Amino acid sequence: MAILEVKNIRKTFDKTEVLKGINFSLEKGQVLSIIGSSGSGKTTLLRCLNFLETPDEGVIKVNNEILFDSADPLTRSESQVRKKRLHFGLVFQSFNLFPQYTALENVMLAPTMAAKEKKIYDTEKENIKSQAVELIKKVGLAERMNNYPHQLSGGQQQRVAIARALILKPDILCFDEPTSALDPELTGEVLKVIRSLSDKNNTMIIVTHEMEFARDVADHVIFMDGGGICEQGEPRELFENPREERTKQFLSRYKN
């Protein structure tokens with residue numbers, strides 16, 4: 001059964017239709033790579049899935065639960081937005097770490113706030129810290145957990161951002177071009193962490209310009225163009241034998 005079902009998602013900004021009826025599904029443990037030129041709608045799609053933007057039309061279901069249905073006003077309720085977002089973790093292009101907090105504190109912040117809101121922080125604080133420490137170790141930053149963001153390289157900051165997304169145990173982890181803000185020599189360390197997550201049955205959606213990475217890590221690839229899905233399929237088939245002319249043109253710019 002699909003963990004994620006996306007049906008006819010549409011989004012318009014200033015009379016420009018940015019998403020033109022997006023449909024796809026994702027199975028638990030699968031990795032989906034979304035590729036395409038800048039302006040093709042990739043980031044807007046991720047933002048709609050994470051409810052940072054509200055789709056104009058369509059349906060989003062996770063674990064067979066309807067999170068959004070444009071025909072049902074109740075699913076548009078602002079009071080539900082925070083709950084909906086818990087299904088998704090999002091790692092941004094820019095790291096968005098809080099500069100006044102250490103790496104460990106950045107990772108602990110969201111679950112700490114949630115525990116305080118539920119008035120269970122006193123009983124959960126050691127557990128939260130333990131989980132945060134383990135996740136920072138998992139992304140290879142055990143010796144840097146007490147450093148502040150300005151004391152970390154871009155690659156290290158992005159790895160902290162990944163740990164921060166993981167601590168909330170999202171059903172689906174989303175990456176929005178996670179290496180685009182990094183120097184080439186730092187890209188590899190972040191891709192290595194993402195690759196290790198894919199090996200551990202994490203369900204992920206990765207928007208990326210790293211074509212070789214998309215081909216090697218993903219179970220399924222979507223090529224977006226002009227706000228729609230131009231072509232999708234198994235990675236090696238799509239990269240080596242694309243059917244659509246637009247896909248061929250796009251991939252011709254990259255060495256396979």
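User: Which residue is the bridge partner of glutamate 5 in S2?

Analyst: In S2, glutamate 5 has serine 25 as its bridge partner. Before we go on, a word on the ground rules: this is a predicted model, in which local features need pLDDT of at least 70 and side-chain atom pairs count only at pLDDT 80 or more, while totals for chains, interfaces and linings use all residues. Residues are numbered from 1 along each chain as its sequence is written, and side-chain values use heavy atoms, leaving out hydrogens and water.

User: Why is S2 called an edge strand?

Analyst: The open sheet has four strands in the order S2-S1-S4-S5, with antiparallel pairing. Strand S2 (16–27) and strand S5 (65–69) each pair on one side only, and these are the edge strands. From one strand to the next, the twist averages 15°. Helix H1 (residues 42–49) packs on this sheet, touching S1, S2 and strand S4 (57–62), and its direction makes about 65° with that of S2. Contact here means heavy atoms within 4.5 Å. Axes are lines fitted to C-alpha atoms, for helices over the stretch in contact, and angles run from 0 to 180 degrees between N-to-C directions.

User: Is threonine 44 buried or exposed, and how do you know?

Analyst: Threonine 44 lies in helix H1. The relative accessible area of threonine 44 is 14%. Buried means under 20%, exposed over 50%, and partly exposed in between (1.4 Å probe, protein chains only), so threonine 44 counts as buried. Not counting residues up to four places away in sequence, threonine 44 touches Lys11, Phe13, Val18 and Leu19.

User: What about threonine 102 and isoleucine 120: which term does each one get?

Analyst: Threonine 102, in the loop between S6 and H3, has a relative accessible area of 7% and is therefore buried. Threonine 102 touches Met145, Asn146, Asn147 and Tyr148, again leaving aside residues up to four places away in sequence. Isoleucine 120 sits in the loop between helix H3 (103–117) and helix H4 (121–138). With a relative accessible area of 35%, isoleucine 120 is partly exposed.

User: Why are H5 and H6 called roughly parallel?

Analyst: The axes of helix H5 (residues 154–166) and helix H6 (residues 184–198) come within 8 Å and cross at roughly 20°. Angles under 35 degrees count as roughly parallel, over 145 as roughly antiparallel, 65 to 115 as roughly perpendicular and the rest as oblique. H5 and H6 are therefore roughly parallel to each other. The residues of their contact divide into seven nonpolar, four polar and two charged. For that count, Ala, Val, Leu, Ile, Met, Phe, Trp, Tyr, Cys and Pro are nonpolar, Asp, Glu, Lys and Arg are charged, and the others, Gly among them, are polar.

User: How do you know that H3 is roughly parallel to H5?

Analyst: H3 and H5 pack at an angle of about 25°, with their axes 8 Å apart. That angle makes H3 roughly parallel to H5. The contact is made by Ala103, Asn106 and Val107 of H3 together with Val160, Ala163 and Arg164 of H5. These residues divide into four nonpolar, one polar and one charged.

User: What makes the pairing in the six-stranded sheet mixed, and which strands stand at its edges?

Analyst: The order of this open sheet is S6-S7-S8-S3-S9-S10, and its pairing is described as mixed. Strand S6 (88–91) and strand S10 (228–233) stand at the edges, each with a single partner strand, so one side of each lacks a neighbour in the sheet.

Definitions and conventions. Helix = DSSP H or I, 4+ residues; strand = E, 2+ residues; numbered from the N terminus. Pairing = 2+ DSSP bridges.
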